[in-house]
Amino acid sequence: MQIAIEDRGAFASAIIQLDAGESFVSESGAMYRTSAEVDVDVTTRSKGKGGLFGGLKRLLGGESFFLSTYHAAGGVAGEVGIAPTLPGDVMQVDMDGSTRWLCAGGSYLGSGDELTLDTQFQGLRGMLSGEKMFFVSVEGAGPLLVSAYGVIREAAIDGEVIVDTGHVVAFEDTLSYEVTKAGGSWLRSFLGGEGLVMKFRGSGRLLVQSHNSRAFGAKLGAMLPPRQG
Amino acid sequence: MEHRITNGPSFAILEATLEPGETLVSESGAMAWKDTHVVTETSTRGGVLQGLKRKLLSGESFFQNTWRAEGKPGSIALAPGSAGDIIAHDLDGELFLEKGAFLASCEGVTVDAKFDGLKGFFNEGFFILKCTGKGLLFFHSYGAIEAVDVDGEYIVDNGYAVAWEPSLSYKLTRARKIRSFLFGDQLILRFSGKGRVWIQTRSPRVKANWVHPFRPVQQANRN
């Protein structure tokens, strides 16, 4: 399997070359082109656990998270192109199996099918934040693709760092985190428009994005006529 | 005519310098800036009927502008409505464009709308533009453009193919191999034969779907 990330920057996409018999998994709907030999299967299934229940769990997590599996069938190689919905960058993380990665809400784009996917719903902590505190947890050794709204910056954390909830792309689970307020008091924090932030602790890799898609959506939505509820 | 495409693939614009008397045809509304002696005649190229057909069938603009440099060389910049890339294609024969992808052409290129839907796919509005003639043709995308040389069969998600050569046969079809209880109706473009297809890396429709949940919700009528 070879992965090439094309058009880095505003409109990045990933082209995955599959050898015969290989498979790749992505968020459903991300596929925009494929050679005819590739078999596409849309399921709610993740490797290991999953099935329909897994899909429902993902729906409850606030995201219709269904997966497409691309399989180079019939003993021939093939290619598949996947792209995120929003403008922005795509990045490959080569997981070595020593740590788990957590991808924020819409940041998970795809992964080798040898990786195990699960969802983590942030429950009360998530509800409080008002953000989709829904993580895709990725485990194993293999390639992981994440997408961002804007550019991706990587920070190697050793100690503590604070990131706005809307700017988190993905992080290693060797980092612990808590959702907390940005300012000195809750009131000041909300009035200042910073809302909630994630405070990371420990040592590990953290990917952040330059722009907050939720903020952009809110801006656009306010300019559009109301929809039927 | 000299031309250059700058700021691609994210925010491409086309800058052209016309020789005296030389013309360039553009989609109406695409002009961003120009010299004062580059003048226009807005017309329904090919007559009103042709123009109406383009508008109604393909979502392409009814009017196309013809720009002419009067007396001396003049510059004009054209910018598409969406952020993305522009491809300059040296047309000699035919090329198919996804509706809305036409940006500009030199005279000698004609643009016509063509319906190629299958029965039952009317709602999907599978109308395309057929460009014929000889000369430079400029088309644009939302997102970056990738050129794929097909030899055999290739599948592109509906709404992502920007342009393709007539040597390819194409078919809008339900995704046969895409098995799903959710997306049974997913439409794809299936190309076969030998030729080049240009594919954009983002879809305006998918983006619109993404924005939709952010719209305010209409309050119930209280009467």
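A word on conventions. Residues are numbered from 1 along each chain as its sequence is written, while chains are lettered from A and ligands numbered from 1 in the order in which they are written. Because the model is predicted, local features need pLDDT of at least 70 and side-chain atom pairs count only at pLDDT 80 or more, whereas totals for chains, interfaces and linings use all residues.

Let us begin with the interface. In this model, 30 residues of chain A are in contact with 33 residues of chain B, contact being defined as C-beta atoms, placed from the backbone, within 7 Å. Which element of chain A supplies the largest share of its side? That is β4(A), with 5 residues. Helices (H or I, at least four residues) and strands (E, at least two) are DSSP runs, numbered from the N terminus.

β4(A) also pairs with strand β12 (residues 145-157) of chain B, in the antiparallel sense, over 3 bridges; pairing requires that DSSP find at least two bridges between the strands. Within β12(B), I155(B) is the bridge partner of T34(A).

I turn now to confidence. pLDDT is the predictor's confidence in each residue, from 0 to 100. Over residues 179-184 of chain B, pLDDT stays under 50. Where pLDDT is low, the predicted coordinates should not be read in detail.

Technical notes: Two residues are in contact if their C-beta atoms, placed from the backbone, lie within 7 Å.
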